[in-house]
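Good morning, everyone, and thank you for making time for this.

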Amino acid sequence: HIVDEINLKDKVAVELEYFQALDDVTTNRSYVQKEEDFLLFTALESTIENPDGISTENLMKKLDSYFPDGSLSQSFTAEWRIKLLEAKEELRNCSTFDLKVKYLNHIRHWKTYGSVRSFSVSQTTFDHIPKIVELQINSTGIFLVDEFRRILLQCHMDDLLDYEYSKNRVFKFHYKTARNNRTLTVVASEGARLKSAFEAFRSYRLAKM
């Protein structure tokens, strides 16, 4: 992940990466997977935005601004909101810089964080996975995800043996598993861009080995 490469003691690097992470979360490019994630990110972001404090009433009015559209925010209970206030209290003595580092330290463990834009593909390999899915790529591997950014299939970059790409936009990713070698076949409407993204991340990964 790119966030793994930054120096978390470098204030400029942390500032830039924080705003990128914030945008990825609130626009749903990175899937917020657990209610606990919403809790932590809301506590952190609201504290960063309001270093002098914010009233409970105003905080509750702004809750939706911290979540991507279609998130779990509508189902949060009064109990969850109490937990939010407790989480904010625990952060009260942290500096703004430390809060941003906490944000990055949490998001850096998401498998799909740092992925390039999602590519809509049609996969023809697995019957248990929907035919139309999104394919995401980052320096750790390739992922098939559903409309809610849930991971359906992941293939680590180190397990990729080779790939084929034809002019009719068909990709074949050859990879190894614990039992045998497999091939993932997908058709991508933006084949050339997907090819460029995959080759860039694969080259980056190989250079780091």
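Before the details, please keep in mind that this is a predicted model, in which local features need pLDDT of at least 70 and side-chain atom pairs count only at pLDDT 80 or more, while totals for chains, interfaces and linings use all residues. Residues are numbered from 1 along each chain as its sequence is written, and side-chain values use heavy atoms, with hydrogens and water left out.

Let me begin with the strands, where helices (H or I, at least four residues) and strands (E, at least two) are DSSP runs numbered from the N terminus. Strand β5, residues 160-165, pairs with strand β6, residues 170-176, in the antiparallel sense over five bridges, and pairing here requires that DSSP finds at least two bridges between two strands. Within this pair, Y163 has F173 of β6 as its bridge partner, and in the hairpin, which has four residues between the strands, R169 takes a positive phi near 70 degrees.

On we go to β7, residues 181-188, which runs antiparallel to β6 and is joined to β6 by seven bridges. A hairpin of four residues links β6 to β7, and Y175 has R182 in β7 as its bridge partner.

Turning to helix α5, which residues are buried, meaning under 20% relative accessible area with a 1.4 Å probe and protein chains only? They are W80, L84, A87 and K88. Seen down the axis of α5, these buried residues fall within an arc of 100 degrees (taken from the directions from the helix axis to the C-beta atoms), so they line one face of the helix.

Note on methods:
Buried < 20%, exposed > 50% of the residue type's maximum accessible area, 1.4 Å probe, protein only.
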